[in-house]
Amino acid sequence: MVKLQELRKNFFRICFVIIILSMASSVWGQTFNSGLFQIHPYVNFKGMVDDNIYLEPENKQQSFISEVSPGLDLKMLLKTHSFGLGYHFDLVSYGEESEKNNSERQNISLIADLNFPDRAYLRVRSFFKDGCDPPTVELTERIEHKDVNIQAKVGLRTNKKIIFELVTIYNSYLYKEDAYETYDRNELSFGPVVFYKFLPRTSFLIEGNYGMIDYVNRDNNSTFVQIKAGLRKEITPRFLLTIKAGMESRDYEEETTEDFSTVVFNMEMIEKFSEYSLFTLSAQSKACESFYLNNNYFNSTRGFLKFTQSINYKTTASIGLGGYFNNYPLETTENDISQKRADYILEGTLGLDYKVQEWISLGINYKYRKRDSNFDNHDYDNNQSSVNIEVAF
């Protein structure tokens, strides 16, 4: 049961802050924006009912969760270049076992888009997280960690038919709990991508990259080579399809660890039926680093589709459906059962967004996730219903 007292307390807190911020926005909300430099402060409030906060197969624990997230977005425009800096802080409070579950999260983003003469460009996307996020498709624990993700892309349009890009991706994961320190790691990959437009709306692409995964506290380092080829097709001005597939080969430094090769696949389809309707479909298959017993990795295949419809100029509705299939290469034993673990994960979402005023918006969302594993102790299902209020200036 959700505690009525906790609901009332958070409701009145939200109302009070909204009143103060709405008064402030009328005075100075628009004074920070100019043609070259823009500042957008905002506060997001979220109230959510989660019926299985520990993702247990049985004896579910329900809780009301409140989040307060103040943030600031900065943007600078310089002719053909743009720069962005964003920061937001999340204060997460649980109605049940708050001392154990309450958390804080900090998020920083850095974005740069530079367009140079002679058809050259540079795109940089950087994201930094510090806190306790909801679980991944493999884990159920909420683990405090620091993540760094940096993506850099240098491109050159040599002519109307050929685009050459060099892509570099860096990821860092550091876990604060001693039990997970062995999974601290740095990942780096880089390589070229070449697009060749052989038809007016169709491009052939080929990409290759070399990468390395370096663990801080255990001997599980590896290098990998990945090669993919595919097509990018603009079927109509509003219908874009990108599909690519190939192979990844991974080589572990430890001779006792078996190397492997696996199929990798990416697909994305975007159909904009009109200015008010958008349909997206994505699919992916790849190898992921694993936390599960003696498995170094697992193969994950996922697909997700989403439909977004603008009902009017203030209201937008969305529906999403997706799923994962994760299978592990090595046999393990749990509860006297020995087999290779396989998980099926189903996920569905519903959303409704309403722009109350230019500076305030309201969102109502529902999310369902169910994991069905051949090891029963990894099963769970989870319902989350939430209301979001964002005040922006």
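D113 touches T80, H81, S82, L122, R123 and R125 once residues up to four places away in sequence are set aside, a contact being a case of heavy atoms within 4.5 Å. The place of D113 is strand β4, where helices (H or I, at least four residues) and strands (E, at least two) are DSSP runs numbered from the N terminus. With a relative accessible area of 18%, D113 is buried; the cut-offs are under 20% relative accessible area for buried, over 50% for exposed, and partly exposed in between, using a 1.4 Å probe and protein chains only. D113 and I337 sit 224 residues apart in sequence, and their C-alpha atoms are 53 Å apart in space.

A word on the ground rules: this is a predicted model, so local features need pLDDT of at least 70 and side-chain atom pairs count only at pLDDT 80 or more, while totals for chains, interfaces and linings use all residues. Residues are numbered from 1 along each chain as its sequence is written, and side-chain values use heavy atoms, with hydrogens and water left out.

Now for the overall picture. The protein chain has 2 helices and 18 strands. Its radius of gyration is 23 Å, close to the 21 Å that the globule rule gives for 393 residues, so the chain is as compact as a globular protein of that length. That radius is taken over C-alpha atoms, and the rule itself is 2.2 Å times the number of residues to the power 0.38. Along the principal axes, the C-alpha trace spans about 65 × 60 × 40 Å. Of the 393 residues, 38% count as buried. Among contacts between residues at least 6 apart in sequence, 52% join residues at least 24 apart.

As for charge, the mean positions of the 43 positive and 53 negative charges are 12 Å apart. Lys and Arg count as positive and Asp and Glu as negative, with His and the chain ends not counted; each charge is placed at NZ of Lys, CZ of Arg, CG of Asp or CD of Glu.

Next, the aromatics. Rings of Phe, Tyr and Trp (its six-membered ring) pair if their centres lie within 6.5 Å, and planes under 30 degrees apart count as stacked, over 60 as edge-to-face and the rest as tilted. By this rule the count comes to 12 aromatic pairs. Y175 and Y180 make a tilted one, at 6.4 Å centre to centre with 40° between the planes. Both Y175 and Y180 are buried. The rings of F260 and Y297 have centres 3.8 Å apart and planes at 10°, so that pair is stacked. F260 lies in strand β12 (residues 260-271) and Y297 in strand β14 (residues 297-310), so the pair ties together parts that are 37 residues apart in sequence. F260 is buried at a relative accessible area of 10%, and Y297 counts as buried at 12%. Ring pairs also link Y175, Y180, Y183 and F291 into a cluster.

G303 counts as partly exposed, at 25% relative accessibility. Not counting residues up to four places away in sequence, G303 touches S282, A283, L321, G322 and G323. The C-alpha atoms of G303 and I235 are separated by 21 Å, with the two residues 68 apart along the chain.

The loops have a few things to show as well. Most residues other than glycine have a negative phi. L55, although not a glycine, has a positive phi of about 50°. This residue lies in the loop between β1 (37-50) and β2 (63-78), and L55 is buried, with a relative accessible area of 10%. R119 is not a glycine either, and its phi is positive at about 65°. The loop that holds R119 runs between β4 (103-116) and β5 (120-132), and R119 counts as partly exposed at 43% relative accessibility.

N217 lies in the loop between β9 (202-215) and β10 (222-236) and counts as partly exposed, at 42% relative accessibility. Leaving aside neighbours within four places in sequence, N217 is in contact with E181, T182 and D184. N217 and D184 are 33 residues apart in sequence, and 6.8 Å apart in space from C-alpha to C-alpha.
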